[in-house]
Amino acid sequence: MAHIPEGVLSAPVLITGALVTTAAVAYAIRKLDYERLPQAAVLAACFFVASLVAVPAGPSSVHLLLNGLMGLMLGWLAVPALLVALLLQAVFFGFGGLLVLGVNCLNIALPALLSYYLVSPWLNKALLANNRRQLFMSGMVAGAIGVAGTGALVCLALVLTGPQYLAAGKIILVTYLPLLVVESLITGAIVGFVAKVAPELLQRQLPQPLVAEESHATN
Amino acid sequence: MTSFSLQHQALEPSWFAALDPRTRLLAAVFFTLSALCLSALWPLIALLALALLLTILLGCQWRLIIKRLLAFEGFMVLVVLFLPFTVAGKPWFAIAGMEASYQGVIQALVILLRGNAVVLALLALVGSMEPVKLGYALAGLGIPEKLVQLFMMTVRYIGVLFDEHQRLRTAMKARAFVAGSNWHTWRSYGHLLGMLLVRSMERAQRISGAMRCRGFNGKFHLLTPVKWHRRDTAVLTLAVLLFLLPLEWQWWQYGF
């Protein structure tokens with residue numbers, strides 16, 4: 001539901017979205033060194049696969065966005081990673097389109113960055129204190145920021161196109177509510193799990209050790 | 001266990017499969033542009049017919065196309081459902097005291113037609129292409145190298161991680177896991193995805209190591225560089241002219 005189809009939005013909205021996304025991706029790409037390329041790619045693939053999973057929520061099911069978590073784990077690199085995942089979804093699954101890609105990327109990447117800036121410091125503190133409750137809570141908030149932010153931005157894009165979309169935007173916001181609940185709970189569980197199993201993945205600005213001895217021919 | 005493929009299988013004619021991937025991507029962009037410029041009903045129907053013709057001509061399988069169309073129709077219906085009632089204009093009919101305007105219905109139809117035509121054309125032109133070829137097309141169109149490499153590696157690892165995910169799901173099933181709307185399910189999914197993330201990151205570190213020990217210096221070599229032939233120019237010109245036809249019709253008949 002986070003993908004606005006082609007042909008709905010007006011030209012100014014499309015162009016603004018494309019320009020802002022281009023600028024953000026250009027900035028993030030400058031930061032992406034070749035050391036972290038596999039990491040970003042594998043995480044982008046991981047989030048793509050996670051978005052295919054239908055999670056039961058009440059009478060129907062939802063597909064996770066996980067952009068809040070992606071922001072926590074990748075920071076600025078979440079922007080190009082999301083762009084790639086969204087391009088694949090547009091071209092091969094028909095979600096969104098080529099010209100609306102900029103807006104869709106912005107709608108999903110901006111909340112990811114927001115959760116990175118707002119939640120990461122809190123998460124780091126919780127990791128240091130090894131406080132299970134705080135860890136779960138910070139994950140929950142990151143998930144909630146991701147979904148609520150995306151919902152609000154989708155709505156905003158529609159309303160900026162024309163006031164006649166206000167009613168549709170409100171309905172779409174309501175459809176985000178079950179996702180908001182499920183995603184924040186699941187993100188909380190994910191953060192709790194990762195903090196227990198591999199806490200180094202969540203720590204920000206911690207150099208990732210490159211273990212050359214572990215390289216296998218299967219890669 | 002089923003292995004995962006992004007692209008849908010199409011029985012493409014050989015001349016089409018031999019085209020430069022950039023031609024297909026650019027044709028899809030031009031189709032989208034033409035669709036966005038159209039706002040009259042009949043030319044849009046012509047464009048949709050053109051998209052249908054493309055899916056048939058390029059040998060797409062209807063079952064797959066319809067499945068993908070249905071998945072996107074949900075949002076589409078939500079977007080246009082209220083347009084008849086919110087667009088001001090000549091009243092046409094009323095439901096539960098809300099008046100629907102003629103202009104609103106037309107606008108809803110226009111958006112439905114536009115969206116469907118674009119998705120059909122995109123799936124037909126690009127959706128049946130191997131993802132790696134799409135990466136070559138992006139590289140050939142001047143997309144920054146790092147972004148293309150990110151794209152290529154993501155495509156590679158989607159298949160691997162999908163299998164990993166299936167394995168974990170099978171393990172859960174073997175332990176009698178049944179999904180429902182409850183905290184147990186959501187926590188279990190959280191742990192499943194968390195495990196997937198942890199394993200992905202371990203894999204990423206192994207890949208980094210493997211790339212390093214093979215002397216990766218920031219340059220990937222594309223195995224088959226894309227090559228622009230004269231037939232690509234011809235096909236692209238023809239396609240653009242074809243996609244412009246409804247636009248010209250709109251221009252002459254409706255004057256905008």
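**View 1. Chain B holds ten helices and two strands.** The model is predicted. Along the sequence, the elements run α-α-α-α-α-β-β-α-α-α-α-α. The radius of gyration of chain B is 23 Å, well over the 18 Å that the globule rule gives for 256 residues, so chain B is more spread out than a compact globule. Its C-alpha trace spans about 65 × 60 × 30 Å along the principal axes.

**View 2. Chain B in terms of burial and surface.** Of the 256 residues, 48% are buried. The chain exposes about 12,900 Å², and carbon and sulfur atoms supply 65% of that area. Chain B carries 24 positive and 11 negative charges, whose mean positions lie 8 Å apart.

**View 3. Arg24(B) and Glu12(B) form a salt bridge.** Their closest N and O atoms are 3.0 Å apart. The pair links distant parts of the chain: Arg24(B) sits in helix H2 (residues 21-37), and Glu12(B) in the segment before helix H1 (14-17). Arg24(B) is buried, at 2% relative accessibility. Glu12(B) is partly exposed, at 22%.

**View 4. Glu164(B) forms salt bridges with Arg167(B) and with Arg199(B).** The N to O distance to Arg167(B) is 3.7 Å. Glu164(B) and Arg167(B) both lie in helix H8 (residues 145-174), about one turn apart. For Arg199(B), the closest N and O atoms are 2.8 Å from each other. Arg199(B) belongs to helix H9 (residues 183-213), 35 residues from Glu164(B). Shared partners join Glu164(B), Arg167(B), Arg199(B) and Arg203(B) into one salt-bridge network. Glu164(B) is buried, at 7%. Arg167(B) is partly exposed at 43%, and Arg199(B) is partly exposed at 33%.

How values were computed: Residues are numbered from 1 along each chain as its sequence is written. Chains are lettered from A and ligands numbered from 1 in the order in which they are written. This is a predicted model: local features need pLDDT of at least 70, side-chain atom pairs count only at pLDDT 80 or more; totals for chains, interfaces and linings use all residues. Side-chain values use heavy atoms; hydrogens and water are left out. Helices (H or I, at least four residues) and strands (E, at least two) are DSSP runs, numbered from the N terminus. The radius of gyration is taken over C-alpha atoms; the globule rule is 2.2 Å times the number of residues to the power 0.38. Buried means under 20% relative accessible area, exposed over 50%, partly exposed in between (1.4 Å probe, protein chains only). Accessible areas come from the Shrake-Rupley method with a 1.4 Å probe; for residues, only the protein chains shown count as cover. Lys and Arg count as positive and Asp and Glu as negative; His and the chain ends are not counted. The place of a charge is taken as NZ of Lys, CZ of Arg, CG of Asp or CD of Glu. A salt bridge is a side-chain nitrogen of Lys or Arg within 4 Å of a carboxyl oxygen of Asp or Glu.
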